[in-house]
Every structure is written in C-alpha cells, then in structure tokens.
Amino acid sequence: MTIISGKKREKIDRLAELAAREEERGVSLWQDAFRRLRRNPAAIVGAVILTIFVLVAVVGPFFVPYGPTDTMGIREGVVRVGQGLIPGHSAEHWLGYDHQGRDVFSRMVVGARQTLLVGVVSTLIGLSIGALIGGLAGAAAGLGGRWGRWVDATLMRFIDMLLAMPSLLLAVSIAALLGPSLTTVMIAVGMVSVPVFARLLRGSMIVQSHSDYVLAATSLGVRKSKIALTHVLPNSLAPVIVQATLTLATAIIEAAALSYLGLGNPDSAVPEWGVMLADAQPWLGIRPALAIYPAVAIIITALGFTLLGEAMREALDPKLRK
Amino acid sequence: MTGTDVLVEVRDLKVHFPIKRGVLFDRTIGHVKAVDGVDLRIPRGQTYGLVGESGCGKSTLGRALLQLTPPTTGEVNFDGVELTTLPAGKLRAMRRRMQMIFQDPMSSLDPRQNVESILTEGLHTHGIGGNRDERRKIIAETLDKVGLPRWALSRYPHEFSGGQRQRIGIARALVLGPELIVADEPVSALDVSIQAQVINLLDELQDSLGLTYLVIAHDLAVVRHISDIVGVMYLGGLVEEAPSDRLYTEPLHPYTRALMSAVPVPDPDVEDRRERILLAGDLPSPANPPSGCRFHTRCPWAQPTRCADERPVLREVGESRVACHFAEQIASGELRPHQVQVQIVRPEGEGEEPDVVSAPSEPGSFV
C-alpha cells in the first residue's frame, strides 16, 4: 500500500469532486453534508474516538482478561483495604485493582458497553417521544389553522411542564418513583431530553411551514398531511439529528450522575462508569486513579460525541454551503 | 372590456390580517387591511400586470386570488366557479388549473427534492399520467418547453443557477397544464440579463399554450413589456386600471402619474427637462388607512373635503378605469398641483405625537 501525502490526497479529492459533478446523478443535500463532514478534522477526531468506543463496548467484553466481578485481589490477599493497600498498575493488571480486589481494566471495558447502552437507549427514548410530540405540534401549528394552534398549545404546555423542572431533579424524581434500576436510568435520562427534542423539532417545522416551497406545494394541490410529512419534516430534521448526537454526550454524563447518586443499577456487580466513579470516592486518598479512569473515559466519550455533533451542525447548515 | 372572455373575476376582495396582542389570551386590537376592496377581471389569454410599491398588498392579492391566503370577504370567480366557497377537496382539484410562480426560486423549491420529484409531485397529486412512462413523457415535454436539459431531472435545486431555478419553478407550474398562472415578482430576484430570458420565456409560453397571466411586479418596465392590462395598487386598493400602453403614455390617477414620472427616460435632454413628481411622506399604515381617498394625504392635487370624505370608486374615463374624483380636471390641466403637508398616519396610540416626529423638510417639490 502506498502512502499518499496530504497535499496529494487533497488533489485527488478535488478531482473526485469534479468527476462527481460530471456524473449523471445530482448530489442531494445529505450527500453534500456528508462530503463536508469528511473534510472537517473535528469530525474525524470525533468519529475516531467514537469508533474506538463503540468497538470496545461491542467486542471488548469478549476479550477481557478477567471477569469484571471476580474479587481475586481480596482472595489472593493482595488488596487489603484496612491497611490502605490497593495495588496500582502491573503487568497482569494493567490498571490495577479496585477496593474489592477486582481488575479495573476489565471493569472499564465491560462498563463501556453499559455506558453505550444507556446513552443510546435514553437518547432514543428522548428522541422518539420528543420528536412525536414536537412533530405533531409543529405540523399542527404550522399548517393546521385555528384548530391546529389549539393542539399545539396543549402539547406545548405539557412540554413546558417538563422543561420547568431542572433536568437532574426531574431525572431523580423519575428514578425515585420507579425504583433504582438500569431501565429507570434510561427512562429518566430520556425524559429529560424529551422537551429539548420536542421544542427543537416544533420550532424548526413552524419555520419550514412558512417557506415558499410549502406554499408552492399547497398551490399544486398537495394535501396538508402529505406536505407535513414529505416537505416540512425532512427539512426540519437536521437540527434534531445534531441535537441527538450532542444528547448522547449529556445522556452519558447524566446517567453517570444518577449512578453516582445511587439511583442507577443497584446490582453493583455490573460495572458502569458512573457507578465506578461513585465507588471510588472513599478511596480517593489511597488511590485517586480509581476515580480518574472512569472520569476520563466519560469525558473523552462525551467529547467524541460533541465534536461529531458540532461538525454535523456545521455540515448540515445550509448557510455555510459554498 | 365587455364582450371579452373573462377567466377570472374578482369582486370586492378584502384580506384583513388581525393584529394580536396579549400576554395570556390573544386579543385582536386591529386589522392590517392588506387588500381592501379590489375588483378586477382578467380576460382569458391575456396578461394582467399589477404594480405598486412594497406593502401595497399586491402579493397578498395574488395569493388571495389563488386561495392560498383565505380572503376575509369578497368573491373570486374562476371560469364560472366561485372559489371562496368551494369545499377544500374541490378546491384542491381546481388548483390544477391555476398555478403560481414565486419571486425567490431558491426558497420556493424544496432543497431535498430533485427536479424529477418536484415535477412528479403535481402529476401524482392530480393523477395525471397513468403510468411511469407517460409521466416521464409529460415531464420531458415540460422540460423542453422551459428550455432545461434532460440531465436536470436527477439534480437538486442548489446545483442550478438562479435563472435555471426559475425555469424549474415555471416547469413545476406548467406540468399540470394550467390556464392561469400568477407570477409574483417572477424576475426581481434575477440578474438583468436573465430577467429578459425569463420574461421572453413567459411570453413564448403564453403564445404557444394560451396561458392567462397575473404578473405582480414593482418594475414598471417589466410590467409594460409583458402586460396587456395594468392595474396600479395603492394601500390595498386599485387606483387605476388601463391598457398597458395607455397607462404609460396617459396616466390619469395622481399616484400613477407620480409612479410614471419616476421611470427614467433614455434621453438626457428629455430626462433633464421632464416633469417629476416626488411624493411626500411614507406609505400610510394599512392598519389605519386614511379616510376617503387613500391617497389624499400624499396627493399634490388633493382638493378640500371631498378627497378626504368620500372614497372614490373605479370609474371609466376613456379606456381607463380610475379611482379619482378629479381625474378629468387633472388631465385637462384645470387643477394644478400644490404643496403637500406631510401627514403622519399611525395606528391609534402608537408612537409619539405627530408634530414631534421629524418629517422630510421638503414635502412636495416640483421641478
């Protein structure tokens, strides 16, 4: 394989772009956005971080050297918490033991899967409920006339109620109501992002429904419901997709916060970065690294999602198109 | 215009937009009278040009005619069918026969649809062209008519130039085979060189397809070139309506005179010597239009009491229809223009006292 220098690659890219213009098929907005995304270094860094994270989360647990719940350190007498002895990294245990004598590296890898699961599922919950409410309200407000404004107002007052509560308090109340479990964390974190998605999609759809191409479709005689689905909705999705990527980052942090507060999975045998962070608290004096590992992992993952999200915002913004 | 075949007849059309205020509950505190009692007829196969300054309601009139903005009152009769009372389903079916061309071709095309999808949408909606091949044939013919190449079909709007985009907009309107096309500022967003192309295209299409146009524009030269009849709008109402050439050579209404005198003459000697009428003040607020004749606050020929008391109706003077009490006297020179005191008309309770406001110091100047 030959190594192509940066400059040469740029040239090839430009040629490819020219060739693409000559092509029979046109370039849709999505394709165009993807092209610009590929040229953005922030997007590439974000994508690389996320690829590593997802790979570790999906296949990592099959290759971990030790069981994440195996308290071998205590059994072997290496970890003696009473004497303040928690050994750090070694050739066998890359990141050392935790206070219960478990291998930290194995727990981090298995914890990645939990973290990804919580992030994705809670974002999906928030996105689907939020988009449903916001989409209905937006279509009703933009195209529905007097009756539509009523529907919109009713739905939005419900969203305002959710929005009025501080997000962590809302999540804590939901978690407290349903009892601590992983599902609870996902529902709680998801519910927190519902009003954001709903408001965003609604606002975006209202703006789009006042555009000329909607008027043009109306004058063609297209039904309003069809206009909402085929014209208004697809053109309103870009900010929602960006927000979903950014929400993945905050969802991971919020899930960690809930776990930290003891509202997460009560079965601490299943490692999760937030739980690990909480568990490390009493031992900060002896081995602060126990808190630093999950904290840094959370930060880097959140950074990856944020970088990609911001890059997508730029790529999808029609104003920034050449 | 009697005896000619009338395609569209508008009677006493009004479009009033409510002004809403209120923290908790919306309260209607007034109305913006965008269109306030317009009567017009568009003969089949002809072009009706609508001119007027920004905010005079010409675009709203066009949209209300197509029922895109619901009229407050009035009638719109399209080829014998009353549109304002038509049920939604029947109106949708009627839309096939009347289409619209927009000012900004970029914003009027869905950026996520390629040209083929843009053109098929209308065909699908009205069930024109049974199968795919037949639809393709119709679309290909339409592309030829507007002068777009075949490869345009798979492209997206952002890949075209402004003029080509406007052609796509025209193709979208044409593909349904309409009888009436309302063109709202069809060329004002285009370069001058492209403007000519698009106008000539509209002209050719009218000749070959027998289309009827309502062209809304503020460019007097464009309207003169393309129109058979021209209507001049001021503050929601028609002030004058005349055959195109007559309106330009012999404007009767004072407002039309002022508009026409703003058109430069391509001869420096004539340009230097000709009479120019500069209108004083701004367009009054359509939420609180002046009493009587809408134009009397800025009219250099305004006469005491009658102009302010009685709203003139369109009446026939020669070949023209004009809404001015004193059109004949002004035309014969019996009435002379006078200075105009600027009156600032505001919606009630809005802004400062009129005498505090700084107004143009030289209201009406006649060179």
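These legends describe close-up views of a predicted model.

**View 1. The side of chain B that touches chain A.** Chain B places 28 residues in contact with 21 residues of chain A. Three elements of chain B each give two or more residues to this side: α2 (88–94), β6 (98–101) and α3 (115–126). The most comes from α3(B), with four residues. By residue type, this side of chain B divides into nine nonpolar, nine polar and ten charged residues.

**View 2. The eight-stranded sheet of chain B.** The sheet is open, and its strands follow the order β6-β7-β8-β3-β9-β10-β12-β11 (chain B). Pairing within the sheet is mixed. Strands of a sheet pair through backbone hydrogen bonds, either parallel or antiparallel. From one strand to the next, the twist averages 20 degrees.

**View 3. The edges of the sheet in chain B.** The edge positions are taken by β6 and β11 (315–317) of chain B. Each of these two strands has a single partner strand, so one side of each is left without a neighbour in the sheet. Strand β6(B) is also one of the elements on the side of chain B that touches chain A.

**View 4. The pairing of β11 and β12 in chain B.** Strand β12 (residues 320–322) of chain B runs antiparallel to β11(B), and three bridges join the two. Within this pair, Val317(B) stands opposite Ser320(B) of β12(B).

**View 5. A helix across two strands of chain B.** Helix α9 (residues 254–261) of chain B lies across β9 (229–234) and β10 (237–243) of chain B. The helix runs at about 105 degrees to β9(B). Both strands belong to the open sheet of View 2, where β9 and β10 follow one another in the strand order.

Methods. Residues are numbered from 1 along each chain as its sequence is written. Chains are lettered from A and ligands numbered from 1 in the order in which they are written. This is a predicted model: local features need pLDDT of at least 70, side-chain atom pairs count only at pLDDT 80 or more; totals for chains, interfaces and linings use all residues. Two residues are in contact if their C-beta atoms, placed from the backbone, lie within 7 Å. Ala, Val, Leu, Ile, Met, Phe, Trp, Tyr, Cys and Pro count as nonpolar, Asp, Glu, Lys and Arg as charged, and the others, Gly among them, as polar. Two strands pair if DSSP finds at least two bridges between them. Axes are lines fitted to C-alpha atoms, for helices over the stretch in contact, and angles run from 0 to 180 degrees between N-to-C directions.
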